[in-house]
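Visitor: I am new to this one. Could you walk me through it?

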Amino acid sequence: MHGALGELFDEIGWFGALILGLTGTSILGWIKVWSVQFKLFKKASLATLHSQLYEKGGKYIKRGEITLSELDDLEYTWNAYHGLKGNGTGEKIYQKCRDLPIADYQTNSDWQEVEDVAAEHEAKRNA
């Protein structure tokens, strides 16, 4: 199948088609239900990311420094938050954290690979 109907069928699969046939619920009804669920998941994701961004960012700003791995983690949170159309206050927190001095810290040998990836991301970001 091609187009929107094919995409819908791919999403609901054979089980969804069976329910559709047994219940008589129209495709339009399913689309409405899925649309509402999608909006709720988006709002829940945005709320979770908002909380993480504000909690982590506030902690780093208060501390006055940030480690590379913390900055890398915050960047992933920010990118997801921004992608879901998070507000400008989150951007201000993220930018303030990016401007913080990088903390001088002893890396944990168990996390060395993570630290290397974080340093690589920072180098790409500053390139």
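Guide: Helices here are DSSP runs of H or I with at least four residues, numbered from the N terminus. One caution: this is a predicted model.

Visitor: How are α3 and α5 placed, roughly parallel or roughly perpendicular?
Guide: Helix α3 covers residues 68–83, and helix α5 covers residues 112–126. Their axes come within 8 Å and cross at roughly 70°. Angles of 65 to 115 degrees count as roughly perpendicular. So α3 is, relative to α5, roughly perpendicular.

Visitor: What is the hand of the crossing where α3 passes α5?
Guide: The axes cross at roughly 70°. The crossing of α3 past α5 is left-handed.

Visitor: Which residues in α5 meet α3?
Guide: From α3 come L68, S69, L71, D72, E75 and Y76. Sorted by class, this contact has five nonpolar, two polar and five charged residues. On the α5 side, the residues are E115, A118, A119, H121, E122 and R125.

Visitor: What share of the residues in the protein chain is buried?
Guide: Buried means under 20% relative accessible area. The protein chain has 127 residues. Of these, the buried share is 26%.

Visitor: How much of the accessible surface belongs to carbon and sulfur atoms?
Guide: The accessible surface of the protein chain comes to about 9100 Å². The part belonging to carbon and sulfur atoms is 59%.

Note on methods: Residues numbered from 1 in each chain as written. Predicted model: local features only at pLDDT ≥ 70, side-chain atom pairs only at ≥ 80, totals over all residues. Heavy atoms only, no water. Axes fitted to C-alpha atoms, helices over the stretch in contact; angles between N-to-C directions. Helix = DSSP H or I, 4+ residues; strand = E, 2+ residues; numbered from the N terminus. Parallel < 35°, antiparallel > 145°, perpendicular 65-115°, else oblique. Left-handed = near helix turned anticlockwise from the far one by under 90°. Contact = heavy atoms within 4.5 Å. Nonpolar A, V, L, I, M, F, W, Y, C, P; charged D, E, K, R; others polar. Buried < 20%, exposed > 50% of the residue type's maximum accessible area, 1.4 Å probe, protein only. Areas by Shrake-Rupley, 256 points an atom, 1.4 Å probe, with all protein chains shown as cover.
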